[in-house]
Amino acid sequence: MIRRQKRKSVRVAASAALFFAALALPLPEQVRLAAYLAAYAVSGYDVLWSAVRNIAHGQLFDENFLMAVATVGAVAIREYPEAVAVMLFYQVGELFQSAAVGRSRRSIAALMDIRPDTAVVVRDGVETTVSPEEVAVGETIVVRPGERIPLDGVILEGSTTVNAAALTGESLPADKAVSDGVVSGTVNLSGVIRVEVKSAYENSTVARILELVENSAAKKARSERFITRFARYYTPCIVAAAVLLAAVPPLFFAQSFSVWLSRALIFLVVSCPCALVISVPLSFFGGIGGASRQGILIKGANYLEAVAKADTVVFDKTGTLTEGTFSVTAVHPQTVSEAELLDLAAAAESYSKHPIALSIIRAHGGHIDKNRIGEVTEICGLGIRAEIDGKTVYAGSGRLMDEAGARWHDCHRAGSIVHIAVGDEYMGHIVISDRVKPDAAQAVAGLKRLGVRKTVLLTGDVKKVGEAVGRELNLDEVRSELLPDQKVAEVERLLSEKQGKGTLVFVGDGVNDAPVLSRADVGIAMGALGSEAAIEAADLVLMDDRPSKIVKAIAVSRRTMGIARENIVFALAVKAVVLALGALGVASMWAAVFADVGVMVLAILNSTRTLRVR
Amino acid sequence: MKKVIRMENLDCASCAAKMEDAIRHLPGVTNADVNFLSQKMTIEAESITKELLKKAAEICRKVEPDCELVI
């Protein structure tokens, strides 16, 4: 293809030389005419040939035919310089267009170059370099520092840090050790690791992401569909208008037929909406490609359009706005110190595998001398009774305290409360709750700044916890204690409360939010790095689990829509102006081509701005 | 079934749209998508036979003579 473009460039250059020679040099009329015709033939013969051939195939209103008619018409009314100039500019425009499209394609390909080229697999004790497609599930691969991890798997040997920047857009390195999962496309930073391959290349995270981005072009945005429909009607309309312009005014006005004919030819020249047909899809493709580098996978241009118009954002709680793990958030001792209370609790819970017990032990952090602990009884539903340092320690719910005879009081904080009593003396309580993600508050604030009208939390958790989170994050609405189908009902209600053309966005972790995700206008799944289910379930997939990415997703989508809109308005406006000026006789034919080509090149270049995402 | 076919020398965006339209009208084809930017054609049909692919290639050649399907 580059060869073809080079040949064309040579022809255009030769034609231009002939053109300028004919224009500038003092030549006898015959020679000048010959020079013009030669210039025309050299630059335009392929257009004329395509025009004829395409008519034979039944394609009428195509670019080549219209250009051919316009320029042949110009020759017919003896406007030789015009004819040559138009053909020249048109061909130059075609060259620019090919170059720009080629460049955009290469930029997008480079951006998406997260594909690993090789994998080092260990077979019969020997390390061989193969292509990632050739490695089977269960085989062992070796990844050295600096290399991109080629396949999804689990570490068998070694420990290292990995950088997931290529997939999530964040450069925060993560530590990985034996039995940790690693994801294809991430870069191995420090240590050599041996990994057991868990999925074949075509199912690996990298392959899925690439497939997703490529398939995203198939789901067209409303603006793209509009442009396609518009283009189908635009060309015949302009041609019809051209015919009318050539035929009707000469009947009314005094000027000659050829004056109006040349104006009509201008219409033909501007009748191809190529600028729009190429630049609008390119904007969306670039936007989706750029977003994916930031760890925001958008499954279709229509979803990009929808998320840009977000009016209501509905969040799931656990795992989305909160960490999803239990941890000690407060220690409220009654008579002893915090450390002593925690020590008692940890000792009592030291044999339990319950998540609450584990979080207390984690908070304690120190060593628990098991010799201090005597008999431990786990009382189902109530808590634990343990003999510690010869005393009976109770750790559990308020009812356990009642049974022990200790006077306890509840905590104003939300979460799971573990009360501690020694004998019948109340020692205090420990609050264990799910921690809100560090950037959640910032994310909600960011959404409000972007103009999202309503932020809502839907959770199955108890009211106290839900409302506490709502207050902490400054959310507009909170609905707690919801069963899954109640969540769907809530979403339906919120959908009916939408204002204007805004969309409802639901954000969850994808695993058990499937019905709600599909009911919302746009479903966003978070924390998709390594989760197949999340990638399948949602319309937009965020690779990491930080809520602030939601804000970025909306911002990126808006920017892309803005650029697409700029192109549409710009291209249509310039065409309208050129048509008007042409009809009035103010613009010449080659000026019209120049404007048309200029618009097309500018529109294409403008579209590539979508690739750059801050 | 669905098949994704790579294309070469697809230079004209309106040609891509024309090809899409024409291939969609082939017998047995439920959907066709020609992605101008990634130069990939996706055909969905009850069964994708060699005949179908040949017809698709013919359509492409008619619309844009330099364009080829990499089958």
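What follows is a chat about cavity, interface, sheets and loops.

Q: What kind of model is this, and which pLDDT limits apply?
A: This is a predicted model: local features need pLDDT of at least 70, side-chain atom pairs count only at pLDDT 80 or more, and totals for chains, interfaces and linings use all residues. Residues are numbered from 1 along each chain as its sequence is written, chains are lettered from A and ligands numbered from 1 in the order in which they are written, and side-chain values use heavy atoms, with hydrogens and water left out.

Q: How many cavities of 30 Å³ or more are there?
A: The search of the whole structure gives 1. A cavity here is a set of points, on a 1 Å grid over the protein atoms alone, where a 1.4 Å probe fits but cannot get out.

Q: What volume does the largest cavity have?
A: About 160 Å³. Volume is the space filled by probe spheres set on the points, with grid points joined across faces, edges and corners.

Q: Which residues are closest to its centre?
A: Glu63(A), Tyr90(A), Val269(A), Cys272(A) and Asp596(A), out of 16 lining residues. Lining residues have an atom within 4 Å of a point.

Q: Which helices supply at least two residues each to that lining?
A: H3 (63–76), H4 (80–111), H9 (257–269), H10 (274–293) and H21 (589–607), in chain A. The largest share, 4 residues, comes from H21(A). Helices are DSSP runs (H or I, at least four residues), strands are E runs of at least two, and both are numbered from the N terminus.

Q: And the lining by class?
A: It has 11 nonpolar, 1 polar and 4 charged residues. Nonpolar covers Ala, Val, Leu, Ile, Met, Phe, Trp, Tyr, Cys and Pro; charged covers Asp, Glu, Lys and Arg; the others, Gly among them, are polar.

Q: New topic. How many residues of chain A are in contact with chain B?
A: 21 residues of chain A, against 19 of chain B. Contact means heavy atoms within 4.5 Å.

Q: What area is buried there?
A: About 1800 Å², with 48% given by carbon and sulfur atoms. Arg4(A), Gln59(A) and Arg105(A) supply 30% of the area that chain A buries against chain B, more than any other three residues. Buried area is the accessible area (1.4 Å probe) that two parts lose on being put together, summed over both.

Q: On to sheets. What is the strand order in the sheet of 6 strands?
A: S2-S1-S3-S9-S4-S7 in chain A, an open sheet with antiparallel pairing. Strands S2 (126–130) and S7 (181–182) stand at the edges with a single partner strand each, so one side of each has no neighbour in the sheet. Two strands pair if DSSP finds at least two bridges between them.

Q: How many bridges join S4(A) to S7(A)?
A: There are 2, and the strands run antiparallel. Val154(A) stands opposite Gly181(A) in S7(A).

Q: Is S16(A) mostly covered or mostly open?
A: Mostly covered: 6 of its 7 residues, in the span 416–422, are buried. Buried means under 20% relative accessible area, exposed over 50%, and partly exposed in between (1.4 Å probe, protein chains only).

Q: What does S16(A) pair with?
A: S15(A), residues 391–396, through 4 antiparallel bridges. Also S17(A), residues 425–436, over 7 bridges in the antiparallel sense. Gly396(A) has His419(A) as its bridge partner, while Ile417(A) has Val431(A).

Q: What about the hairpin of S16(A) and S17(A)?
A: It has 2 residues between the strands, and Gly423(A) takes a positive phi near 70°.

Q: Which residues other than glycine have a positive phi?
A: Among them, Asp124(A), near 55°, and Asn474(A), near 65°. Most residues other than glycine have a negative phi.

Q: Where do they sit?
A: Asp124(A) is in the loop between S1 (119–123) and S2 of chain A. Asp124(A) counts as exposed, at 83% relative accessibility. Asn474(A) is in the loop between H16 (463–473) and S19 (477–479) of chain A. Asn474(A) is exposed too, at 51%.

Q: Last one: is H11(A) enclosed or open?
A: Largely enclosed by the rest of the structure, because 7 of its 8 residues (301–308) are buried. The buried set includes Tyr303(A), Leu304(A) and Glu305(A).

Methods:
On a 1 Å grid over the protein atoms alone, a cavity is a set of points where a 1.4 Å probe fits but cannot get out, and a pocket is an open set with protein on both sides within 12 Å along at least five of seven lines; lining residues have an atom within 4 Å of a point.
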